[in-house]
Amino acid sequence: MRIAGVGNGKILVNFDELGRIVDLYYPYVGMENQSSGNPVRIAIWDGKSLSLDENWKAEVHYEEESNLVEIKWNVESFGLEITSYNFVDIDEPVLTSIIKVLSKNGVDDKLKLFFIHDFNIYSNPFGDTAFFDPKTWSLIHYKSKRYLGIKLMSTELNNMEFSATKDDPLEDVKDGSLNGSPIAHGNVRSAVGIELNLRAKNFVKAYYTIALARSLEELWKTMEVMSPAKIESNFVSVFQFWKSWLSKGNWSSDHENRLYNVSLITIKNHMDINGSIIASSDFSFVNIYGDSYQYFWPRDGAIAAHALDIAGYGELAMRHFNFVKEIANPEGFLYHKYNPNRTLASSWHPWIFNSKRILPIQEDETALEVWAIGDHFRRYKDLDELTDIYRKFVKPAMQFMMRFTEDGLPKPSFDLWEERYGVHIYTVSTVYAGLLKGALLARGMGDQSLSEDALDVAKTMKEQALSRMVYNGRFLRRLDENYQPDRTVDASMYAPYFFGMVEPNDPIMISTMEAVENKLMINGGVARYENDMYQKRGSKPNPWIITTLWLAQYFIDTSKMNKAKELINWVMSKAAPSGFLPEQVNPDTFESTSVMPLVWSHAELIITLNKYHGKY
């Protein structure tokens with residue numbers, strides 16, 4: 001389980017529930033996990049025996065809700081309390097841990113601290129080299145254009161021990177020392193260690209650094225200047241930077257404030273320097289499904305960018321929109337998902353359906369990015385900065401959405417849950433909103449004709465939805481591929497209200513949300529839809545964070561604040577101790593059943609809290 005993470009747009013590092021480094025993304029956030037999810041193991045030798053991290057009690061949380069992770073280990077067998085402060089440099093791809101070791105027994109003693117690595121450069125184990133570098137007194141792993149340097153220091157200036165091997169380094173450290181093997185190649189592992197001198201009623205410090213670079217010369221520059229003094233100075237700078245960065249929000253309770261800040265940090269850490277925002281950095285599903293969530297989905301990215309906008313981080317939203325303008329198909333639409341390096345990612349949407357050629361898209365993804373950009377313009381009025389984005393993406397996307405219609409509704413595409421083909425009320429609502437918000441930007445750009453055409457198409461789309469996608473006084477989830485009504489109650493039917501196609505108090509919307517509440521509420525949360533089987537653990541579908549927050553948003557906008565607060569509190573109670581929010585939870589145990597964190601969950605919490613406190 002991933003429980004916390006730190007990053008800066010060039011590197012993203014995750015920690016598991018035992019406080020160990022488990023994911024190490026570089027040079028793109030979400031692409032090339034240089035650890036392949038293998039944890040960096042930690043061990044202590046007290047002169048007689050070895051104690052391993054898996055036997056320690058760990059607490060992992062963000063230091064004062066800044067982008068620094070504090071880990072506390074209780075090593076009962078040795079009478080030790082270990083605290084580490086983990087952070088990434090503001091600009092450079094460098095992770096540092098400041099480690100404080102305290103003897104609870106109050107006696108002088110000697111011990112050794114070890115870190116054991118099983119890195120897979122380029123996310124695969126073949127052809128790696130690990131060697132000890134006497135020039136910087138560090139251990140270096142490399143392959144092709146990826147270089148990773150490790151350094152372990154203490155305030156007592158004891159020399160770092162090392163070993164580079166194809167064997168298991170855990171066997172090497174069992175006697176309390178490393179064999180000093182200077183180099184190994186292939187599927188290599190490594191270990192570093194250092195001796196620490198404990199003193200009664202005082203602590204000793206160690207410093208552990210992992211730096212990444214694209215060349216050996218670049219890595220040398222970083223490793224040569226790495227010292228305890230520099231690390232202490234960096235810690236102060238990084239802490240002050242993040243406290244300042246997070247100063248824009250202030251909520252009514254400490255718990256709200258903490259989760260709000262962790263949500264902002266989570267989105268920021270999942271955002272590459274180029275503007276890509278991945279759905280989740282949790283690598284654990286790769287070994288189950290052969291794939292995971294570390295991709296950019298335009299839908300998730302648009303909602304995350306919108307959350308950043310309403311939280312006051314418009315410059316980050318702009319960075320994201322500039323990413324989007326470079327990846328759109330020339331026809332104006334966005335594909336299913338992308339890698340952070342702007343290439344097409346894996347997909348399960350076919351290019352042919354019922355023997356007919358189709359576009360393998362979810363049209364709501366294109367629409368949501370246009371909606372988010374248009375809403376950004378409404379808030380910030382930064383026309384100059386949006387000119388290129390409008391020309392390269394918004395205008396072609398609007399023209400595509402207007403063209404990709406049939407009898408007044410969007411043509412069939414895949415749904416937001418990526419499971420069904422048809423005309424979905426969520427897609428209709430987002431296309432409607434995209435055309436309206438896009439028309440606002442088009443008018444600002446002087447493109448009056450396109451603006452008026454978009455408004456006309458949106459008007460017709462609303463009329464057709466109200467005529468053909470309503471059943472028994474409420475909205476339908478979709479018209480299937482044969483344009484037959486799908487009466488399944490689905491939480492995404494909240495979309496006509498949220499995206500402005502109907503008012504929240506419209507009788508059809510009231511009836512729709514009553515059906516959602518009555519059919520999908522499960523042990524305090526809201527399931528995606530009736531009989532949802534995805535990651536199902538018991539007799540009932542799993543409640544999701546985003547769907548629960550959708551219902552909370554509706555209650556806020558219909559002045560049912562107490563009911564909204566209950567749902568918000570339910571969501572916040574499902575956060576990990578660090579503040580990470582999952583995608584979904586087991587309805588009985590409330591344990592996460594999927595990836596954690598999910599950026600979309602955190603984005604919806606930001607949106608919901610701003611709505612609840614009248615700041616949306």
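Mentor: A salt bridge is a side-chain nitrogen of Lys or Arg within 4 Å of a carboxyl oxygen of Asp or Glu. By this rule the count here comes to 41 salt bridges. This is a predicted model: local features need pLDDT of at least 70, side-chain atom pairs count only at pLDDT 80 or more, and totals for chains, interfaces and linings use all residues. Residues are numbered from 1 along each chain as its sequence is written, and side-chain values use heavy atoms, with hydrogens and water left out.

Trainee: Where in the chain do E76 and K57 sit?

Mentor: E76 is in the loop between β8 (69-75) and β9 (80-88), and K57 is in strand β7 (residues 57-62). They are 19 residues apart. Their side chains form a salt bridge at 3.0 Å, N to O. Strands (E, at least two residues) and helices (H or I, at least four) are DSSP runs, numbered from the N terminus.

Trainee: Is E76 buried or exposed?

Mentor: E76 counts as exposed, at 52% relative accessibility. K57 is also at 52% and counts as exposed. The cut-offs are under 20% relative accessible area for buried, over 50% for exposed, and partly exposed in between (1.4 Å probe, protein chains only).

Trainee: Which parts does the K243 and E64 pair tie together?

Mentor: K243 and E64 meet in a salt bridge at 3.8 Å, N to O. K243 lies in helix α3 (residues 228-245) and E64 in the loop between β7 and β8, so the pair ties together parts 179 residues apart in sequence. K243, at 36%, counts as partly exposed.

Trainee: How do the axes of α15 and α16 cross?

Mentor: Two packed helices are described by the angle and the distance between their axes. Here the axes of α15 and α16 come within 12 Å and cross at roughly 150 degrees. Axes are lines fitted to C-alpha atoms over the stretch in contact, with angles from 0 to 180 degrees between N-to-C directions. α15 and α16 are therefore roughly antiparallel (over 145 degrees). M561, K565 and I568 of α15 make the contact (heavy atoms within 4.5 Å) with T608, L609 and Y612 of α16.

Trainee: Which backbone bond joins M596 and P597?

Mentor: Most peptide bonds are trans. M596 and P597 are joined by a cis one, with omega about 5 degrees. P597 is in the loop between α15 (561-573) and α16 (599-612). The bond from Y26 to P27 is also cis, and P27 lies in strand β3 (residues 21-28).

Trainee: What is the phi of Q535?

Mentor: Most residues other than glycine have a negative phi. Q535 has a positive phi of about 60 degrees. Q535 is buried, at 10% relative accessible area.

Note on methods
Angles under 35 degrees count as roughly parallel, over 145 as roughly antiparallel, 65 to 115 as roughly perpendicular and the rest as oblique.
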